[in-house]
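Visitor: I've got a model open and would like a walk through it, with the cut-offs spelled out. Can you take my questions one by one?

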Amino acid sequence: MIIPTAMAQTQLKVATFNVSMEAGNYLPRGEQGDSQVLIDILANGEHPQVKNIAAIIQQVRPDILLLNEFDYIEDPKLGIKAFIKNYLNQAQAGSEAINYPYYYYSTVNTGQPSPYDLDNDGNASGVGADAWGYGFYPGQYGMVLLSRYPIDTAKVRTFQQFKWRDMPDFMPTRKADGSPWYSKDAWAEMPLSSKSHWDIPVDINGKTVHILASHPTPPVFDGEENRNGIRNHDEIRLWADYLTPQKAAYIYDDNGEKGGLAENARFIMLGDQNASADNEGNALNSGIAMLYNHPRINNSMPPASLGGAEHTPDNPKAAFHTAEWRMRADYVLPSKAGLVLKDSGVFWPVKADPLYPLVGSRGVSSDHRLVWVTVELSAD
């Protein structure tokens with residue numbers, strides 16, 4: 001029986017990959033650069049680490065892909081288009097070239113200087129931990145979405161400027177004496193997102209899938225006040241509230257539009273959340289548990305790999321790890337509405353696999369693994 005085109009189902013592979021494509025990754029430890037470092041690497045098409053990242057993408061061949069830690073470069077010809085042309089459009093390590101005609105990227109809070117002493121070390125430096133998101137130049141650790149399908153850029157919602165103080169029941173950060181960690185002036189301006197939160201509508205053969213992309217701060221590199229762990233928790237919680245109509249009224253985007261995602265909308269949540277749904281690591285796991293177990297999310301097929309299990313053979317959760325430092329940190333979480341989960345995986349070959357050299361050490365590609373799911377769009 002031939003299924004008429006109008007009735008045919010569309011399968012979609014969606015992935016996230018923290019690619020570590022920021023200046024600090026390519027410079028000697030402790031040395032700080034800027035986005036020009038990545039611009040130069042993307043221009044020549046010859047950097048071995050980036051070639052391996054491209055080879056991994058070509059092996060998995062996702063239709064939609066979020067890249068975390070891809071430095072913000074304002075001119076796409078020097079940034080994301082150069083990566084596509086000089087790396088993805090070139091066959092790498094025996095893989096077949098791949099093309100993405102559509103992309104989305106925007107500014108992020110990392111490296112954006114604040115005038116305040118946010119880490120309370122007595123020096124308002126404007127960089128590092130005194131930037132609105134940890135970084136040494138604007139756009140460090142940025143994000144980019146690649147797509148084989150059109151992106152409705154006019155309807156993208158970003159939440160880079162949403163103020164943390166405007167989240168009801170935010171988790172407070174306090175000094176040892178119980179007083180607020182952040183000064184009154186700093187708290188008034190403090191954004192919740194350490195980078196940004198994006199709701200990106202993608203048109204899949206006439207049906208909209210919302211890509212909900214983010215990269216919360218690592219819940220470490222602070223002190224007893226746990227300011228980064230608390231921020232990570234509330235950054236993740238924002239998405240859980242965004243999916244809950246009775247809670248989402250407080251949320252406003254960078255254009256002033258209020259509210260969350262419609263109850264019947266198709267969506268896929270993806271990104272490096274820096275928190276473990278398996279209760280490993282240093283995060284306040286109530287945040288990721290709230291999101292991972294949200295009634296609108298289908299978590300029935302957690303991505304896994306044989307390479308992860310081999311990497312930490314004494315840990316029964318290792319098959320689900322997405323980073324070489326032994327934790328599940330990266331997620332692709334489809335909605336129950338409008339999508340049928342068909343398959344999932346983590347690109348982490350075992351040592352005997354010919355593809356293992358693509359992930360063999362931190363320096364050959366990234367300390368994270370590409371995570372993917374395949375879904376089928378169901379009828380409206």
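Visitor: Which residues of helix 4 are buried?

Guide: Quick ground rules: this is a predicted model, where local features need pLDDT of at least 70, side-chain atom pairs count only at pLDDT 80 or more, and totals for chains, interfaces and linings use all residues. Residues are numbered from 1 along each chain as its sequence is written, and side-chain values use heavy atoms, with hydrogens and water left out. Helices (H or I, at least four residues) and strands (E, at least two) are DSSP runs, numbered from the N terminus, and buried means under 20% relative accessible area, exposed over 50%, partly exposed in between (1.4 Å probe, protein chains only). For helix 4, the buried ones are Ile80, Ala82, Phe83, Ile84, Asn86, Tyr87 and Leu88.

Visitor: Why is helix 4 called largely enclosed, and what covers its buried residues?

Guide: Helix 4 spans residues 80-88, and seven of its nine residues are buried, so the rest of the structure largely encloses it. Contact here means heavy atoms within 4.5 Å. The cover includes strand 1 (10-21), helix 2 (36-44), helix 3 (48-60), strand 2 (64-70), strand 3 and strand 4.

Visitor: What is the strand order in the open sheet of five strands?

Guide: Two strands pair if DSSP finds at least two bridges between them. The pairing in this sheet is mixed, and the order is 5-6-7-8-9.

Visitor: Which strands are at the edges of that sheet?

Guide: An edge strand pairs on one side only. Strand 5 (157-158) has two bridges to strand 6, and these two run antiparallel. The edges are strand 5 and strand 9.

Visitor: How many bridges join strand 6 to strand 7?

Guide: Strand 6 covers residues 197-204 and strand 7 covers 207-214, running antiparallel. Bridge partners include Asp199 with Leu212, and His197 with Ser214. The number of bridges is eight.

Visitor: Which residue in the hairpin of strand 6 and strand 7 takes a positive phi?

Guide: Two residues sit between the strands of this hairpin. The phi in question is near 50°, and the residue is Asn205.

Visitor: How many of the residues of strand 6 are buried?

Guide: Strand 6 is largely enclosed by the rest of the structure. Of its eight residues, the buried number is seven.

Visitor: Where does the side chain of Thr110 reach a backbone oxygen?

Guide: Thr110 is in the loop between strand 3 (102-105) and strand 4 (143-147), and counts as buried because its relative accessibility is 1%. Its contacts beyond four places in sequence include Tyr134, Pro138 and Ser194. At 2.4 Å, its side chain reaches the backbone oxygen of Gln140.

Visitor: Which side chain of opposite charge is nearest to Glu280?

Guide: Glu280 lies in the loop between strand 8 (266-272) and helix 7 (286-292). Lys and Arg count as positive and Asp and Glu as negative, while His and the chain ends are not counted; a salt bridge is a side-chain nitrogen of Lys or Arg within 4 Å of a carboxyl oxygen of Asp or Glu. Glu280 is buried without a salt bridge, and at 5.2 Å the nearest oppositely charged side chain is Lys317.

Visitor: Which side chain makes a polar contact with that of Glu280?

Guide: A polar contact is a pair of N or O atoms within 3.5 Å; within protein, one must be able to donate a hydrogen and the other to accept it, and residues adjacent in sequence count only if both atoms are side-chain atoms. At 2.9 Å, the partner is His321.

Visitor: Where does Arg148 find its salt-bridge partner, and how far apart in sequence are the two?

Guide: Arg148 meets Asp63 at 2.2 Å, N to O. Arg148 is partly exposed at 42%, whereas Asp63 is buried at 10%. Arg148 lies in the loop between strand 4 and strand 5 and Asp63 in the loop between helix 3 and strand 2, so the bridge ties together parts whose separation is 85 residues.

Visitor: Are Asp253 and Arg157 buried or exposed?

Guide: The two form a salt bridge, with the closest N and O atoms 2.6 Å apart. Asp253 is in the loop between helix 6 and strand 8 and Arg157 in strand 5, 96 residues apart. Both are buried.
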